[in-house]
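Visitor: Please take me through this model. I would like to know what each label rests on.

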Amino acid sequence: MKNTFLYTLLIPVAILLAFAPAEAQTITPSDGVIRGRLVDASDAPVAGAAVVLFNLDSVYLDAVASGADGRFELRSAVRPYRLQIQHLAYKMRAIESDRADLGTIRLEEETTKVDAVVVQGERPVVKVEQGRLSYDLGRLIEGQAVNNAYEALTRLPGVTEQEGALTLAGASSVTVILNGRPSTMTADQLATLLRSTPVDRVEKAEVMYSTPPQYHVRGAAINVVLRRSHETAFSGEVHANYTNRWYDTYDAGGNFVLTSPRWSADVTCSAARSKELSSFDLRSLHTFEERQYDIRQDEWMTSEGWSHQLRAAVEYAPKQRGRLSAAYTASFAPNIDGLSHSTGSYVESLSKKLSDRSLHNLSLRYTSPLGLDLGVDYTHYNNPEQSRLENRYTDREATAFDVGSGQRIDRLNVTADERHTFTSGWELTAGGAFAFARSHDWQHYTVLEGAPATSDTDARLDEYTGNLYAGFGRQFGHVSFSASLAGEYYRLGNYENWSLYPQASLNWMPSEGHILQLNFSSDKTYPSYWEMQGAVSYIDGYSEIHGTSGLRPSRSYEAQAVYIYRQKYLFVLFWNECPDYFVQAAWQASDRLALIYQSLNWNFNRQWGTNVVLPFRIGRWLDSRLTLTGMRMRQRCDRFHDMSFDRSKWVGIARLVNTLHLSRKPAIDLEVNGFFQSAAIQGTFDIEPLGSADAALKWSFDRGRATLSVRCNDLFNSGMPNTKVRYRGQWLDMGALRHMRTVTVHFSYRFGGYKERRHREVDTSRFGH
């Protein structure tokens, strides 16, 4: 009964929030107009300044330019609101208020250095907005060989890409959200979406080390704020890419938007034909029945097929009357052919796989003028597979079997959020979420030869998650503070758990040149649905992947102290504690000759250290940024199969990004980057030092509407580490993945002054085998 009671709370909470006391946001007839006058230090009017109106959620409402007398006037009933005032000759000014008449607003002249007739000014790269680190992404990547939003995010201080996912220095993990809504895609799918998003569609990127609960994301997050358009226009962008990483990949797509002052419609579609190769070598000294076997295997894996992405969305948003939006997202990867070939001293294996993957998502969202936000999201995912594995062992034994397997998931998410700002300056947030997921995973074996140790599995799981939260915050002069507490009930099968998630953030900005931020957050990470099954998959005749029945979610507690000097030099002290941490790791079985990859819960994974970001430039031809990270890792597991471990290691990381502006007319830029990481650990594994180098050349022409670039990642094929195990009888060498050097040729063309709409993404982070 207790879980039913929690779920039923969500509906009355949403109703109560919708009818919250009127004094929380006072609106009078005169509030339909916001006016003011801009002047400089000598009280002379400032003409031609852009005055942009947002609500406190950073949602664009309207914009005007100041007149010859410095006056401006905006029509909106939203209270309170936020204004951003921008002019090339003056420092940007942000104002939060609920007044209709702002009176005289004085702008401060931008710092300039006059040398003959040359005027040089440097806009700030980062600002603090309501506790968020807001980066001017256009300024940050100016002149760099960056082609899309994903590449732009990797230029944020402290953000790097590792194994296809974005990471943030000082945080155990980071979630990307778009216009204040969480991304619900896997790392690969999110990267695909962001790589199809032009850079000029991104207004700014907000980094939050301690994300407020109304975003429905805990821990660290990057909020990508996309530009909005209220004009009647048709616009778009088309692109094409050629990529070579041993094999060739081709992809092309387009984005098309039709907008008006009240409604909009957009369609995004893309198609790709790809063939990918990954290979590595393995050596295992495997002790079994008091005898040591020297097993050496060389693995080659390819995957080939078509993939398609489609998104269609409509939005109706009359001014001052809320916003209603609907979006359909689909992805298809039919008839993907997979081939794996393993040769060596123990077994020769050949595995063929044919899979068909599809996803359908429908999302609805309504935002009222008073700040109530309601959302419904439904996802259907289906991934059937057919495979055959043939093994020929050196002792002349042989096994062969067919496997019919798959995963089908249906999931429903419902959210309700509300925020009120009182006349006293206090801000109150409250809301909740309910999620239900039904997962069906199956594997059916047909033995063709021999007698492999196989068993059929057919598992069905129902997962329930209920969440309620409340938070508050206020600005005290140069200091702002926010805190929240979320309560969550989780049930999966017979496993039930209640959790509390505290969050707090303190910001102090004594001047524009000094920003100090203290953060604390907590979170929980859930395993993929397949990991929680007891199924077994076979890579070859020696290597296997095991699911883990009873695998628990991992918790995390994080704290950061962030100091920003002169709005561009970043210094971070961080501490991360993750009890019940889980990650897939290899283990040489003690009861047979098998290398088992399996996710198990550890006691904890702990990291603490510091991160420093130092940008610098030389004249107008070189922009560079040096990022240094030093941290202490400690990992402990008392029940790692039939043994335990407690290990620690100091790790250092350095990354240097250089952009050379070879020519202004035509616009040609060269980018050269370097990365180095010292030795590290992961469980019983030792990770050897590694380094890599990237280079890119970009040419912009046709007044910036056309872009042609060539990029080579991992020039020396050295970006993947070698790993080894020398721990309590376990002896294993795994060579780095080979053939990782990637060359990409990119072309894109924009037309019609393309302005993008926001996207609501589909969460597939726990799907797949």
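**Strands and pairing**

Visitor: What makes S5 and S6 a strand pair?

Guide: Strand S5 (residues 81-87) and S6 are joined by six bridges and run antiparallel. Two strands pair if DSSP finds at least two bridges between them, so six bridges qualify. Strands here are DSSP runs of E of at least two residues, helices are runs of H or I of at least four, and both are numbered from the N terminus.

Visitor: How are residues numbered, and what kind of model is this?

Guide: Residues count from 1 along each chain as its sequence is written, and the model is predicted, so local features need pLDDT of at least 70. Side-chain atom pairs count only at pLDDT 80 or more, totals for chains, interfaces and linings use all residues, and side-chain values use heavy atoms, without hydrogens or water.

Visitor: Why are S3 and S6 called edges?

Guide: The sheet is open, with four strands in the order S3-S2-S5-S6 and antiparallel pairing. Strand S3 (60-65) and strand S6 (90-97) each have a single partner strand, so one side of each lacks a neighbour in the sheet. From one strand to the next, the twist averages 15 degrees. Axes are lines fitted to C-alpha atoms (for helices, over the stretch in contact), and angles run from 0 to 180 degrees between N-to-C directions.

Visitor: How do you know that S26 pairs with S25 and with S27?

Guide: Count the bridges. Strand S25 (residues 398-421) and strand S26 (residues 427-449) share 22, in the antiparallel sense. S26 and strand S27 (residues 457-476) share 17, also antiparallel. Arg408 stands opposite His440 in S26. Ala430 has Ala470 in S27 as its bridge partner.

Visitor: Which residue takes a positive phi in the hairpin of S25 and S26?

Guide: Gly425, near 100 degrees. That hairpin has five residues between its strands.

Visitor: Why is Tyr749 called partly exposed?

Guide: Tyr749 has 26% relative accessibility. Buried means under 20% relative accessible area, exposed means over 50%, and partly exposed is in between (1.4 Å probe, protein chains only), so 26% is partly exposed. Tyr749 lies in strand S47 (residues 742-751).

Visitor: What makes Tyr749 and Asp702 a polar contact?

Guide: Their side chains are joined at 3.2 Å. The cut-off is a pair of N or O atoms within 3.5 Å; within protein, one must be able to donate a hydrogen and the other to accept it, and residues adjacent in sequence count only if both atoms are side-chain atoms. Tyr749 also touches residues including Gly236, Val238 and Arg705 (contact means heavy atoms within 4.5 Å). The C-alpha atoms of Tyr749 and Gly254 are 9.7 Å apart, across 495 residues of chain.

Visitor: Why is Thr627 called buried?

Guide: Its relative accessible area is 12%, so Thr627 counts as buried. Thr627 sits in strand S38 (residues 622-640). Beyond four places in sequence, its contacts include Asn611, Val613, Ile653 and Arg655.

**Rings**

Visitor: How many aromatic pairs are there, and why is Tyr490 with Tyr495 edge-to-face?

Guide: There are 22 aromatic pairs. For Tyr490 and Tyr495, the centres are 6.2 Å apart and the planes stand at 65 degrees. Rings of Phe, Tyr and Trp (its six-membered ring) pair if their centres lie within 6.5 Å; planes under 30 degrees apart are stacked, over 60 edge-to-face, and the rest tilted, so 65 degrees is edge-to-face. Tyr490 is buried at 2%, and Tyr495 is partly exposed at 30%.

Visitor: What makes Trp602 and Phe645 edge-to-face?

Guide: The centres are 5.2 Å apart, with 90 degrees between the planes. Trp602 is in the loop between strand S36 (595-601) and strand S37 (604-618), and Phe645 is in strand S39 (residues 643-663), so the pair ties together parts 43 residues apart in sequence. Both residues are buried.

Visitor: Where does the charged end of Arg218 sit?

Guide: Over the ring of Tyr501, 3.7 Å from its centre. The rule asks for NZ of Lys or CZ of Arg within 6 Å of the ring centre and within 35 degrees of the ring normal. The charged end of Lys204 sits over the ring of Phe54 at 5.9 Å.
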